[in-house]
Amino acid sequence: EERWLLEEEVEQEEEEDQTPLPPTPAPAQIPPPKKQSERKAEFEAVSRRVETEIKSGSISATATAEERKARLLTRLERSESLEVVAEVSQDKDAEQATAILGETTNLVAAAEALAALWRTKPLRAAEVLMGLTTPRGAELLRIMIAALNDPEAAVALVGMEEPGRVVGVAQFILPYYSRSVVYKGKELLTLIAKVSPESAKVIYAGLEPTECVSILRRTCLGLGRRPGSEKAADALTTRLLERDFGGAPEPALAALLLSGLKGDATKAAEVLFRFKTRGVKDGSEKWGKRQRAAEAVTTELARLDAGFAAEVAAALAEKK
C-alpha cells in the first residue's frame, strides 16, 4: 500500500510539474521600473514600520507558527508584500516563507514578495523558489516580467537555480526523492515559455554564459533536475530517474531560449561553443552526442530566425 501511494504521488507530481498555472492577468498599466535606491528606501521605511508594530505589540511576539502564518497570508492578500518580507527575512530558515508564498491566492503580491526577498536575502529567496512547486515558481517569475516590470529579480533568481544548489532547510519540504542538489532553471523556463515565450527569452538573455550553457545542455540533451546516471532497478525507479535525470531532448525549446539573445550573436556563439567543447574529449562518444545536439538546436534556430542563426553560425565559425 505504501508503494502504491508513492507511485500515485510521483504520477501526480509529474503531471503538475509539466502543467503551468493559468496566467495571472496583467494590470491595465505596467508600473515603470524602479531604481535600486528607490526600492531600498521603500523597503527600509516598511521595515521601520514593521519594527514599530512589533515593539508596540501590534504584532504578537508570542503567536504560534500557525497564527503567524495566517496573519502573513492575510497581509499578502492585502498586497502588503514588503511588510511580509520585513518579517520573514528575519526567520532562521525558509520554511514559513515558502509555505505562505505557496498558499497565497494573490500571486502578484507573492511575486513582489519573492523579488523583495531576493534583494534582501538572495540565498533565502533562492531557497524559497526551490521549495515552491515548479508551476507556481514559474508563474511568479513570469509575473515579475509581465506585471511588475522587474526582470532583474527574475533573471537573478533563475540564475541561482541553475546550476543546482544544495537547498538547505527548504529541501525537507520536498519529497524525499527530490532532496539534495537539484537544478531548476530549465524547468522554470520550460513552463514560462509555454505561457509567455517572450518572458522566457528575456530571462534567458539576462543570464550569465555559464547558466545559459547549463540550461542549453540540459534542454537539448534531455537531462533532468539531477543530471547524471544511475541504474534503474524497477519501473518506479525508472520514472523517478526520468524526472530527475532526464527525458527527451528538446532542441526547439533550446533554440527558442537561444533566440532571446538576438542582437548578441557573440554571446549565443559562446554558449554553443562552450556546450560543444567544454568537459568532453574531441572525438569521444560524448563529444559526438553534443555536436549532434548543437546541430539540432541551430537547425531549429534557423527556423525561428534565419538571419540571427546565420550571425551565430558566423560567430561560432570564428571560434574554431
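**A tour of the helices around H11**

In this predicted model, the buried residues of helix H11 pack against H8, helix H9 (151-161), helix H10 (185-195), helix H12 (209-221), helix H14 (251-258) and helix H15 (265-277). Select residues 197-206 to bring up H11 itself. Its buried residues are Ser199, Ala200, Lys201, Ile203 and Tyr204.

Now centre on Leu141. Beyond its neighbours within four places in sequence, Leu141 is in contact with Leu129, Ala154, Leu157, Val158, Leu188, Ile192 and Ile203. Ile203 is one of the buried residues of H11.

Next, show H6 together with helix H8, residues 134-146. How far apart are the axes of H6 and H8? They lie 9 Å apart, and the helices pack at an angle of about 80°. H6 is therefore roughly perpendicular to H8.

To see the contact, select Leu107, Val108, Ala110, Ala111, Leu114 and Ala115 on the H6 side. Their partners in H8 are Arg136, Glu139, Leu140, Ile143 and Met144. Sorted by class, this contact has nine nonpolar residues, two charged and no polar ones.

Is Cys212 buried or exposed? Cys212 counts as buried because its relative accessibility is 0%. Cys220 has a relative accessible area of 4%, so it is buried too. The structure holds zero disulfides.

Note on methods: Residues are numbered from 1 along each chain as its sequence is written. This is a predicted model: local features need pLDDT of at least 70, side-chain atom pairs count only at pLDDT 80 or more; totals for chains, interfaces and linings use all residues. Side-chain values use heavy atoms; hydrogens and water are left out. Contact means heavy atoms within 4.5 Å. Axes are lines fitted to C-alpha atoms, for helices over the stretch in contact, and angles run from 0 to 180 degrees between N-to-C directions. Helices (H or I, at least four residues) and strands (E, at least two) are DSSP runs, numbered from the N terminus. Angles under 35 degrees count as roughly parallel, over 145 as roughly antiparallel, 65 to 115 as roughly perpendicular and the rest as oblique. Ala, Val, Leu, Ile, Met, Phe, Trp, Tyr, Cys and Pro count as nonpolar, Asp, Glu, Lys and Arg as charged, and the others, Gly among them, as polar. Buried means under 20% relative accessible area, exposed over 50%, partly exposed in between (1.4 Å probe, protein chains only). A disulfide is a pair of cysteine sulfur atoms within 2.5 Å.
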